[in-house]
Amino acid sequence: MGSNGTASQTSAVAPPPSQGRLITVLSIDGGGIRGLIPTTIIACLEDKLQELDGPEAMIADYFDVIAGTSTGALITAMLAAPDDNKRPLFAAKDIRQFYLENGPKIFPQRKIGFLKPVANLLSMMRGPKYDGAFLHDKIKSLTHDVRIANTVTNVVMPAFDVRCLQPVIFSTYEALKDPLKNAHLSDICISTAAAPTYFPAHYFRTEGPEGKSREFHLVDGGVAANNPTMVAISMLTKEVLRHNPDFKPVEYGNFLIISVGTGSPKQAEMYTAPKCAKWGLLRWLYDGGFTPLIDIFSHASADMVDIHAQVLFEALRCEKNYLRIQDDSLVGPTSSVDIATKENMEALIGIGAELLKKPVARVNIDTGVYESVPGMGTNEQALECFARKLSEELKLRKKNFDSN
């Protein structure tokens with residue numbers, strides 16, 4: 001809950017987990033323009049918190065860590081970057097409008113013609129589908145010179161270094177310890193959104209004391225962790241092991257996690273083995289406007305994390321502290337990461353709204369299909385329950401901190 005550092009920081013920073021009972025995490029998947037789905041879910045959660053604690057309540061006040069990959073990292077930055085008053089830059093409800101206004105410029109749609117598939121394939125052979133210029137400029141204008149150590153709550157954002165062939169995890173915790181990891185939010189967001197074939201890889205360098213520097217050669221964090229939930233848990237566990245005074249020894253049962261996906265086309269059964277068996281390299285990279293290889297990697301990564309987290313929380317008998325909200329029935333344009341027409345964006349917002357009305361579901365490890373959980377109600381009801389837990393935790397921390 002805003003504990004990037006110690007509780008002796010500004011009053012805008014909520015007391016750390018050591019003053020309460022829980023460690024709270026919000027995780028947001030990658031998925032391009034499908035980020036409109038989690039924005040709808042998170043706006044609903046913020047509404048519930050404001051009903052409990054007043055109109056000034058914002059998402060960053062309640063979460064020790066907000067983790068995001070790709071489009072999820074952009075949402076994370078908007079929820080956690082400080083404004084001039086050291087409060088979050090965006091209310092959750094305003095992020096939807098950001099996507100509606102800027103989505104068509106980030107993903108400019110080409111004119112439809114009978115040669116479009118051929119033109120798209122030739123374009124992808126020459127370089128990334130989009131130059132990323134507008135996205136880069138927009139992110140820089142939003143976050144200015146804010147570095148990851150300056151966010152109003154701790155954030156975690158994965159990317160992948162193509163030079164080293166390994167993931168790079170940017171976090172507020174690491175940045176406070178290592179100046180060479182204290183990158184600008186803009187560079188991190190541009191990097192973790194640089195999906196191969198869609199946007200160009202991003203290079204930047206950080207400077208440290210005594211003339212030290214570090215180079216980063218980064219692409220989309222989704223190639224390693226499209227669902228950053230376990231990355232966030234690992235970073236928090238690392239802080240516990242480092243004896244960070246913000247934390248007391250913790251069990252996983254003390255984690256409270258809301259993980260929000262950007263949807264998947266599982267039920268649409270987009271591909272079949274007989275169809276894929278005939279594909280060469282080009283068809284794996286491009287098929288009817290989609291990128292099968294990228295899609296498969298990102299969905300596999302996200303689902304493996306969900307399965308791991310689900311089994312872990314069930315084994316520790318605290319599964320009610322883990323909420324995964326994901327739609328697995330996307331079809332047609334809504335399953336694309338870059339169709340930013342007004343009609344498709346409105347459809348994605350509608351999917352998010354309908355998802356709130358659906359029962360809480362967990363993935364079946366054998367079939368991969370999400371199945372409703374008896375007794376958990378709808379996703380909106382679950383968010384209401386989690387909002388009460390978050391509100392109670394914040395009040396407890398403030399009470400304990402004030403009495404010290």
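# Reading a predicted fold, step by step

Reply: Begin with a loop residue. Glu 210 sits in the loop that joins strand S5 (202-207) to strand S6 (213-220). Keep in mind that this model is predicted.

Me: What is the phi of Glu 210, and how do I read it?

Reply: Start with the general idea. Now the case here. Glu 210 has a phi near 60°, which is positive, and it is not a glycine.

Me: Is Glu 210 buried or exposed?

Reply: Look at the relative accessible area. Over 50% counts as exposed. Glu 210 has 77%, so it is exposed.

Me: Where does Lys 86 lie, and what is its phi?

Reply: Lys 86 lies in the loop between helix H2 (71-80) and H3. Its phi is near 65°, again a positive value in a residue other than glycine. Lys 86 counts as exposed because its relative accessibility is 52%.

Me: Now for the other side of the cut-off. Is Phe 290 buried or exposed?

Reply: A residue under 20% relative accessible area is called buried. Phe 290 has 17%, so it is buried.

Me: Which residues does Phe 290 touch?

Reply: Set aside residues up to four places away in sequence. Phe 290 then touches Met 270, Tyr 271, Leu 285, Asp 295, Gly 332, Ser 335 and Ser 336. Take Ser 335 from that list. Phe 290 and Ser 335 are 45 residues apart in sequence, yet their C-alpha atoms are 9.0 Å apart in space.

Me: What share of the contacts in the chain joins residues 24 or more positions apart?

Reply: Count contacts with a separation of 6 or more. Residues 24 or more positions apart account for 74% of them. As for burial, 56% of the 404 residues in the chain are buried.

Me: How do I read a helix pair? At what angle do helix H1 and helix H13 pack?

Reply: Read the angle and the distance together. Helix H1 (residues 36-53) and helix H13 (residues 342-357) pack at about 45°, with axes 8 Å apart. That angle makes H1 oblique to H13. The crossing of H1 past H13 is right-handed.

Me: Which residues of H1 and H13 meet?

Reply: From H1 come Leu 36, Ile 37, Thr 40, Ile 41 and Cys 44. Their partners in H13 include Met 345, Leu 348, Ile 349 and Gly 352. The residues of this contact of H1 with H13 divide into eleven nonpolar, two polar and no charged.

Me: At what angle do helix H3 and helix H5 cross?

Reply: Helix H3 (residues 92-106) and helix H5 (residues 133-143) cross at roughly 145°, and their axes come within 9 Å. Phe 98, Asn 102, Lys 105 and Ile 106 in H3 meet Phe 134, Leu 135, Lys 138 and Leu 142 in H5. The residues here divide into five nonpolar, one polar and two charged.

Me: How many helices and strands are there in the chain?

Reply: The protein chain has 14 helices and ten strands. Its radius of gyration is 20 Å, close to the 22 Å that the globule rule gives for 404 residues, so the chain is as compact as a globular protein of that length. Along the principal axes, the C-alpha atoms fill a box of roughly 70 × 60 × 35 Å.

Technical notes: Residues numbered from 1 in each chain as written. Predicted model: local features only at pLDDT ≥ 70, side-chain atom pairs only at ≥ 80, totals over all residues. Heavy atoms only, no water. Axes fitted to C-alpha atoms, helices over the stretch in contact; angles between N-to-C directions. Helix = DSSP H or I, 4+ residues; strand = E, 2+ residues; numbered from the N terminus. Parallel < 35°, antiparallel > 145°, perpendicular 65-115°, else oblique. Left-handed = near helix turned anticlockwise from the far one by under 90°. Contact = heavy atoms within 4.5 Å. Nonpolar A, V, L, I, M, F, W, Y, C, P; charged D, E, K, R; others polar. Rg over C-alpha atoms; globule rule 2.2 N^0.38 Å. Buried < 20%, exposed > 50% of the residue type's maximum accessible area, 1.4 Å probe, protein only.
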